[in-house]
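Here are a few notes on this one, jotted down while going through the model. Have a look at the structure first, then read on.

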Amino acid sequence: MAIEISKTYEPTETEEKLYNWWESQGFFEGDPDAGGEPFTMVLPPPNVTGSLHMGHALNITLQDILARWNRMRGLNVLWVPGTDHAGIATQNVVERRLADEGKKRTDFSREEFEQIVWDWKAIAEANILKQIRRLGCSCDWSRKRFTLDEGLSRAVREVFVQLYEQGLVYRGEYLVNWCPRCVTAISDLEVEYEPANGHLWHIRYPVAGSDRFVTVATTRPETMLGDTAVAVHPNDERYSDLKGKTILLPLMNREIPVIFDDFVETEFGTGVVKVTPGHDPADFEAGRRHDLPIIKVIGDDGAMTEEAGVYAGLDRDEARQRVVQDLEKLGLLEKVEKHNHNVGQCQRCQTVVEPLVSRQWFVKVKPLADQANRAVEEKRTVFVPQNYEKIYFEWMRNIHDWCISRQLWWGHRVPAWTCGGCGHLTVSLEDPKECSSCGSTLLVQETDVLDTWFSSGLWPFSTLGWPEKTRELELYYPTSTMVTGFDIIFFWVARMMMMGLRFMDQVPFEKVFINGLVRDEDGQKMSKSRGNIIDPLGIIDDYGTDAVRFTLSVMAVPGADIPFSVNRMAGYRAFCNKIWNAARFLLMNLDETKPVGAEEVEELLESGQLKLEERWILSRLHQTIASVEKDLDRFFVHEASNTLYHFFWHEVCDWYIELIKAAFTGEDSPDRRRAQRVAVYVLDTSFRLLHPFIPFITEELWQKLPHEGETIMRAAFPVVREAWIDEKADRDLARLQGLITAMRTARAENNIDPRHALDVVFRCSSEGRQFVESQLHHVQNLVKTRAVDFVTEWPSGKILLQGVAGDTEFGLLLDDVIDVDAEMSRLEKEKKRTLGEIENLQRKLSNESFLSKAPDAVVEKTRNRHREVLQKLEKIEDQLKVLVSAKG
């Protein structure tokens with residue numbers, strides 16, 4: 001009974017229909033009561049700042065491949081989705097939208113502004129979740145979380161209070177990275193350093209009570225207004241006489257001490273450096289060692305403070321110009337040099353970051369980091385690729401206390417209250433009603449919110465119900481695999497490690513699979529400013545989800561960046577169409593209505609009924625199963641994808657289907673019925689292998705194929721049967737392929753109409769003859785031959801096109817097919833044109849001016865073309881020899 005199937009595959013309507021069905025049937029949902037070995041992942045929560053990019057598409061595709069594969073292997077899969085409130089990033093987006101309306105955050109109360117952000121979150125999250133669904137993501141939507149939802153908010157407060165009570169959270173004055181545009185502290189990891197063409201100003205500082213000067217060099221002369229010392233190295237004999245002396249700070253006329261400290265590099269400048277504890281990290285530490293005062297001359301808004309004297313109120317850049325002008329007037333500017341250096345910018349808004357001393361909340365991370373380092377050292381968590389462990393350790397072993405407070409309105413508010421009566425600080429799980437010290441009800445909560453990564457760091461266990469002891473937490477923690485980009489190893493992976501070990505006493509995940517960044521086809525980072533951003537939904541609309549997913553999976557070498565080209569999508573859309581057309585041919589000619597399992601095929605194998613092509617395809621199928629299983633187990637998704645592509649396109653489509661066509665479509669016979677049963681098994685197994693990578697088309701076709709079960713995503717993933725791997729069948733089929741390919745090539749190269757059947761003669765050993773005779777029906781069908789003869793000597797007086805494949809020689813008789821004289825004339829003309837092109841290319845490649853001045857790509861293209869035309873000439877000459885020989 002032939003199965004009706006449309007001529008072409010329509011991804012858009014199929015994908016929406018299938019995804020809605022999958023979700024409505026609960027096929028994605030994990031069940032803690034179902035038993036079985038758990039496999040758990042948590043989706044790295046996208047920020048609710050707008051929409052997903054190609055990096056998200058790659059990350060989600062890789063996770064979905066693992067989820068679908070393990071679900072089909074019979075594991076109890078839970079994949080938890082969710083989104084991140086992304087404090088500073090989301091607040092910036094909303095503030096920019098308000099600015100477009102001529103409004104600003106301070107036009108609203110805190111509560112009003114928070115509601116505006118919640119409204120934006122609803123819009124952005126709906127868009128993000130739609131995109132995730134379009135990508136075919138099979139996560140458990142019944143467990144969707146948000147980092148500011150009620151349960152996660154409780155977890156955040158619980159962690160903060162516990163760390164505070166353990167002495168690991170504290171509040172203090174410290175030098176932090178400050179963004180004047182965002183008006184908040186940001187972490188070291190949120191500062192991006194960009195090369196800048198700056199200057200090095202050499203300034204003379206008078207030694208008090210003398211006519212002597214010392215010269216200091218600085219890239220930021222405006223900060224000298226906050227200098228509280230100058231420093232020299234203790235071993236620098238040039239300045240040993242300055243011990244006990246003071247310096248008269250230019251412009252401010254303030255006496256400051258000379259300190260001796262080994263943080264000074266004697267080779268830099270003159271070996272004397274200015275010390276500004278309020279605006280430089282190294283100077284801040286030196287100030288603490290020498291008990292220096294801290295003078296803040298640049299404020300939170302980037303303008304000079306009252307401490308800057310006559311420069312107060314100026315923007316820091318304006319102040320720099322004025323300071324330099326005034327130093328020059330006083331004769332204190334010795335020289336100015338060009339100086340290239342890196343300037344820290346806010347990751348979110350690209351404003352130059354200002355180091356400022358500020359009262360902030362910190363996590364004392366060393367005890368947490370030590371625990372997390374041991375876990376990786378002991379291989380309780382493994383990185384793939386392993387080289388990322390080194391990067392992890394480099395940061396973790398040199399980690400500083402983590403500034404976790406942000407001067408924002410959107411986020412988890414710090415659960416700390418200061419008493420207006422006695423100043424007592426209360427940190428509490430619940431909102432206190434009165435001061436525990438004096439009983440006053442005048443309690444004021446901290447206005448700061450917590451760093452986004454504080455809540456994200458709890459994601460693997462907070463999403464499973466912690467601090468409650470839930471069934472999900474008991475079964476699904478620790479999670480199995482974390483798939484993420486290398487750019488957030490420090491931001492997120494390290495913090496999840498620290499928090500998971502601290503509060504669950506277990507690592508948060510057993511394996512960390514690092515995927516690369518998706519770049520444009522030239523290897524450039526995708527950004528709005530470059531105009532090279534690719535919208536995942538746009539290419540899904542154009543090519544279909546399966547083609548997008550397969551393109552990404554083929555290119556996903558662990559840890560390596562992906563130079564993504566939309567053009568490659570066309571090739572993998574063609575692959576999906578190839579699958580559809582192959583399945584369509586088989587289904588439309590199918591009489592078989594029952595599923596065919598491995599046991600039935602085993603019986604056919606053991607009975608000896610199977611033909612060479614059937615034994616071969618089963619052998620190759622099970623070699624493919626073994627290879628895919630091995631590659632997925634080690635996260636070589638790209639290798640598994642390539643293996644499947646080659647198997648289905650070049651073996652199933654190009655050879656197996658071609659070899660079985662005659663039997664498959666012939667009259668009803670045992671051969672036809674056997675061929676159909678084997679084909680049903682091969683298709684069913686191939687679809688199961690392909691399903692984790694291209695879920696939509698495989699489900700659509702599997703549903704049309706005789707099958708058992710509701711959905712392919714719950715069908716068993718194929719298991720390799722070693723006994724079916726048949727090396728002799730592989731060799732024999734390769735031999736047959738070699739013969740057919742050589743004969744087809746000979747026809748094509750000599751422009752013989754593929755519709756014209758030819759007589760053929762063979763010269764080979766008796767064993768070779770036996771093999772050719774056993775496969776003669778395939779040779780006749782695929783090469784288009786008529787009469788066949790086996791000879792020891794080539795027939796004379798015939799136009800014979802000779803060739804060889806392995807140990808078998810063949811001759812195609814062309815007497816009634818080709819006009820030898822006309823064909824020789826055509827080839828001679830083609831040879832003349834080819835020789836002319838070779839001469840032109842050789843002239844160009846021997847021209848030193850061309851080789852030195854032309855772009856490398858142009859030179860290489862010319863060399864490649866030269867090689868191509870030389871090969872073309874060789875083929876033309878071979879064809880002419882054949883015709884000359886045939887003519888006699």
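1. Start with the second largest cavity: Asn47, Arg348, Thr452 and Trp453 line it. Its volume is about 40 Å³. A cavity here is a set of points on a 1 Å grid over the protein atoms alone where a 1.4 Å probe fits but cannot get out, and lining residues have an atom within 4 Å of a point. Volume is the space filled by probe spheres set on the points, with grid points joined across faces, edges and corners.

2. A caveat before going further: this is a predicted model, with local features needing pLDDT of at least 70 and side-chain atom pairs pLDDT 80 or more, while totals for chains, interfaces and linings use all residues. Residues are numbered from 1 along each chain as its sequence is written, and side-chain values use heavy atoms, leaving out hydrogens and water.

3. The largest cavity holds about 50 Å³ of space. Its lining includes His85, Glu190, Arg406, Trp410 and Thr452. Searching the whole structure gives 2 cavities of 30 Å³ or more.

4. Now Glu158, which sits in helix H5 (residues 150–165); helices are DSSP runs of H or I, at least four residues, numbered from the N terminus. Its relative accessibility is 15%, so Glu158 counts as buried (under 20% relative accessible area, 1.4 Å probe, protein chains only). Beyond neighbours within four places in sequence, Glu158 contacts Leu429, Trp466 and Pro467, contact meaning heavy atoms within 4.5 Å.

Notes:
Helix = DSSP H or I, 4+ residues; strand = E, 2+ residues; numbered from the N terminus. Buried < 20%, exposed > 50% of the residue type's maximum accessible area, 1.4 Å probe, protein only. 1 Å grid on protein atoms, 1.4 Å probe; cavity = no way out; pocket = protein on both sides within 12 Å on 5 of 7 lines; lining within 4 Å.
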